[in-house]
Amino acid sequence: FMTYMVLNFLSVGFLFGNLNAMAMEPLGHVAGMGAALLGFAQSTIAVIIGISIGHLFYDDIIPLVASFGTVSLLSILILSLEKQFSKRVLR
């Protein structure tokens, strides 16, 4: 479990800096407002997901690991759909 969590949090550390930079790229002219709104959105989504995952935890790590995997797969799906959408719009 510790190895899984160390790898999980290590990858989150690498991802957050890069994903925040990608999200802030088109907001250069209003960077302060963009950073504030991005932080608000991230915190709100994290609280909603965290509370949902917290209700599943009952002295067993299987729901925790399964929910991390599910949220990770949903994130990959959202990023791939966004990439396809941005290619269509920018053409």
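Mentor: Ala, Val, Leu, Ile, Met, Phe, Trp, Tyr, Cys and Pro count as nonpolar, Asp, Glu, Lys and Arg as charged, and the others, Gly among them, as polar; by that division the lining of the largest pocket holds 20 nonpolar, eight polar and two charged residues. The model is predicted, with pLDDT of at least 70 needed for local features and 80 or more for side-chain atom pairs, while totals for chains, interfaces and linings use all residues. Residues are numbered from 1 along each chain as its sequence is written, and side-chain values use heavy atoms, with hydrogens and water left out.

Trainee: What makes a residue part of the lining of the largest pocket, and which lie nearest its centre?

Mentor: A pocket is an open set of points on a 1 Å grid over the protein atoms alone, where a 1.4 Å probe fits, with protein on both sides within 12 Å along at least five of seven lines, and a lining residue has an atom within 4 Å of a point. The largest pocket has 30 lining residues, and Phe16, Leu19, Ile45, Val71 and Ser75 are those nearest its centre. Two or more lining residues come from each of the helices (DSSP runs of H or I, at least four residues) H1 (2–24), H2 (31–56) and H3 (62–90), and H1 gives the largest share, 11 residues.

Trainee: Why is Phe57 called partly exposed?

Mentor: Phe57 is in the loop between H2 and H3. Buried means under 20% relative accessible area and exposed over 50% (1.4 Å probe, protein chains only), with partly exposed in between; Phe57 has 43% relative accessibility and therefore counts as partly exposed.
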